[in-house]
Amino acid sequence: MRTFYFIITTLINSILFSQEGKIIANSRPFNEIGIRLEIKNFFIDGHRFKIQEIKPYYKLNEKFKIGFGYCSLKDENFYFQDSTLLRINSSNFFGSYNWMISEIISAEATLDFGIGRIKSFNIDDSIDKGSYSFFEPAIIINYSGFNFFNLGVGSGIRFTRNDKSIFSRNLTLPTIILRFSLKFTEIYNHFLHRSNTSLYLDND
């Protein structure tokens with residue numbers, strides 16, 4: 001996990017500083033980069049599970065974003081009937097299409113897919129591991145009324161495939177999504193290149 005965060009930080013710094021010369025030369029903001037923190041909630045036997053995701057993204061244009069990330073599920077409070085705890089770790093990739101509803105409200109259709117591992121922690125402290133993959137379409141409503149971050153809420157359905165010998169229950173379930181997005185480009189421009197941030201444009 002620490003290695004993943006280090007790689008993300010290095011990539012973001014490289015992109016920002018490689019673009020710095022372009023900003024000075026062109027006096028125009030470059031395409032936005034940022035990071036999404038999402039919690040995807042689903043229910044099994046009345047218990048709420050939370051998949052936590054961290055996903056850097058790159059804004060291709062006003063409509064499309066792409067990105068990659070890491071997601072995990074770690075629940076130590078709910079034992080299934082066979083006295084096991086469930087954990088999931090996977091990498092994921094996504095693309096999204098955005099359209100405006102109002103000046104500060106937008107809707108977004110996203111497609112996530114990923115591969116990783118599913119783990120079953122047994123009562124005797126043994127751990128069983130198997131394969132896990134998913135595909136998740138979703139619709140999210142975003143609020144962009146803040147300068148440096150956006151908030152979002154939405155719903156999707158997570159189609160999954162996993163090793164049934166590790167966990168036999170069906171994990172293809174609807175999800176309720178909560179999102180917090182940091183706009184690194186806006187933060188960077190605000191503190192280092194104020195002429196390129198939307199907060200200082202003449203028509204704002």
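The following questions and answers go through a predicted model of one protein.

Residues are numbered from 1 along each chain as its sequence is written. Local features need pLDDT of at least 70 and side-chain atom pairs pLDDT 80 or more, while totals for chains, interfaces and linings use all residues, and side-chain values use heavy atoms, without hydrogens and water.

Student: In what order do the elements of the protein run from the N terminus on?
Tutor: Helices (H or I, at least four residues) and strands (E, at least two) are DSSP runs, numbered from the N terminus. The protein has two helices and eight strands. From the N terminus on, the order is α-β-β-β-β-β-β-β-β-α.

Student: What percentage of the residues of the protein count as buried?
Tutor: Buried means under 20% relative accessible area, exposed over 50%, and partly exposed in between, with a 1.4 Å probe and protein chains only. The protein has 204 residues, and the buried part is 43%.

Student: Which residues of the largest nonpolar core touch the most other members?
Tutor: A nonpolar core is a set of buried Ala, Val, Leu, Ile, Met, Phe, Trp, Tyr and Cys residues joined through side-chain atoms within 4.5 Å. The largest one has 17 residues. Strands S1 (33-44), S2 (47-59), S3 (64-74), S4 (85-100) and S6 (127-143) each supply at least two residues of this core. The residues that touch the most other members are Leu86, Ile118 and Leu171.

Student: Leaving aside neighbours within four places in sequence, which residues is Leu171 in contact with?
Tutor: Contact means heavy atoms within 4.5 Å. With neighbours within four places in sequence left aside, the residues in contact with Leu171 are Ile44, Leu86, Ile88, Ile118, Tyr132, Arg158, Thr160 and Asn162.

Student: Why is the pair of Phe42 and Phe49 stacked?
Tutor: Rings of Phe, Tyr and Trp (its six-membered ring) pair if their centres lie within 6.5 Å; planes under 30 degrees apart count as stacked, over 60 as edge-to-face and the rest as tilted. Phe42 is buried at 4% relative accessibility, and Phe49 is buried at 1%. The ring centres of Phe42 and Phe49 are 5.5 Å apart, and the pair is stacked because the planes are at 15 degrees.

Student: Which ring does Arg158 lie over?
Tutor: A charge sits over a ring if NZ of Lys or CZ of Arg is within 6 Å of the ring centre and within 35 degrees of the ring normal. The charged end of Arg36 sits over the ring of Tyr57, 5.2 Å from its centre. For Arg158, the distance to the ring centre is 3.7 Å, and the ring is that of Phe134.

Student: Is Gly145 buried or partly exposed?
Tutor: Gly145 is in the loop between S6 and strand S7 (149-162). The C-alpha atom of Gly145 is 8.0 Å from that of Ile105, 40 residues apart along the chain. With a relative accessibility of 39%, Gly145 counts as partly exposed.

Student: What is the bridge partner of Asn142 in S7?
Tutor: Two strands pair if DSSP finds at least two bridges between them. S6 and S7 pair in the antiparallel sense over ten bridges, and a hairpin of five residues joins S6 to S7. The partner of Asn142 in S7 is Gly152.

Student: Which residue in S8 does Phe149 stand opposite?
Tutor: S7 also pairs with strand S8 (residues 173-182), in the antiparallel sense over ten bridges. Phe149 belongs to the uncovered face of S7. The residue opposite Phe149 in S8 is Leu182.
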